[in-house]
Amino acid sequence: MRARYGVPLGITAVGAAGLAYAAGFEARSFRLRRLTVPVLPHGMRPLRVLQVSDIHMVCGQRKKRAWLQSLAGLRPDFVVNTGDNLSDPDGVPEVLDALGPLLEYPGVYVFGSNDYYGPTLRNPGRYLIEKAQGRHGLNGNAAAVGVVHNPWEELRDAFDTAGWVNLSNTRGSLKLDGYELAFTGLDDPHIKRDRYDRVAGGPDTAADLSLAVVHAPYLRTLDAFTADGYPLILAGHTHGGQLCIPFYGALVTNCDLDTARVKGLSTHQNAGNVSYLHVSAGCGTSRYTPVRFACPPEATLLTLVARD
């Protein structure tokens, strides 16, 4: 019996333990990433930017709500929300409860596909297949049928009422301590809602700093922002790969971005220009795959300082 069943039972036990860790511990092991990015003009004071992304709120996630509320204690200069707040059509009140203290600070936001539509049960192996075939979201795949529509309008109205600036295929600005901060944003490229022609033209030359914001870091959007000369692009969507291999990293990004830049700070080059790119691994998961492995949930505090 040992010879025939010992190894399969051992593999099963290891797999069960890994699943228990990924779902029971790591998916709730919230972290704060801290980074310094040299993008400010000389003479401008450092700015503290809190980026939250991919909350994927499901009703009843008390620990996640409490952790998000605690981030207000960082006292950021402004907040950037890069989308996918929902994973439950009834989750809007809990998202607003979680972000309530942060809504007291200036902020900007874009939406992701899960703000508009409810998630569906999928075989995780399809992400690998889509990566091999170069298909992601609606970029090459057939349109989704029978999807649940989330009440994103309620979320938008609450953010707008709090003073956060909606950057869905538009430009916006914030004024902080006499500085003019300009933002250019896109709606979610993962479901082909991005319209760069509406915001093309490059940074606002009258502003002290211009930043680009998008949910999913598809290469077409990164190329456009970089070619136009934005010093920093902020994105989310990838979940950092979500299920990663220790000492190797992510297998997929759920878009056409390479896995080497699936999360954290990197650079993007196009048309002779170089932009910093920060991709947040986010702090949630789809309600149908509530696991993370070698990729803990996070938010990021970016300190913007003067350029070298």
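Colleague: Which helices each supply at least two residues of the lining of the largest pocket?

Modeller: Those are α4 (113–116) and α5 (125–133). Helices here are DSSP runs of H or I, at least four residues, and strands are runs of E, at least two, numbered from the N terminus. Keep in mind it's a predicted model: local features need pLDDT of at least 70, side-chain atom pairs count only at pLDDT 80 or more, and totals for linings use all residues. Residues are numbered from 1 along each chain, and side-chain values use heavy atoms, without hydrogens or water.

Colleague: Which one gives the largest share?

Modeller: α5, with 5 residues.

Colleague: And what does the lining look like by class?

Modeller: It divides into 19 nonpolar, 17 polar and 6 charged residues. Charged covers Asp, Glu, Lys and Arg; nonpolar is Ala, Val, Leu, Ile, Met, Phe, Trp, Tyr, Cys and Pro; the others, Gly among them, are polar.

Colleague: New topic: where does His268 lie?

Modeller: In strand β10 (residues 264–270).

Colleague: Is His268 buried or exposed?

Modeller: His268 counts as buried because its relative accessibility is 6%; buried means under 20% relative accessible area, exposed over 50%, partly exposed in between, with a 1.4 Å probe and protein chains only.

Colleague: Which residues is His268 in contact with?

Modeller: Leaving aside neighbours within four places in sequence, the contacts (heavy atoms within 4.5 Å) include Leu219, Asp223, Arg261 and Ser275.
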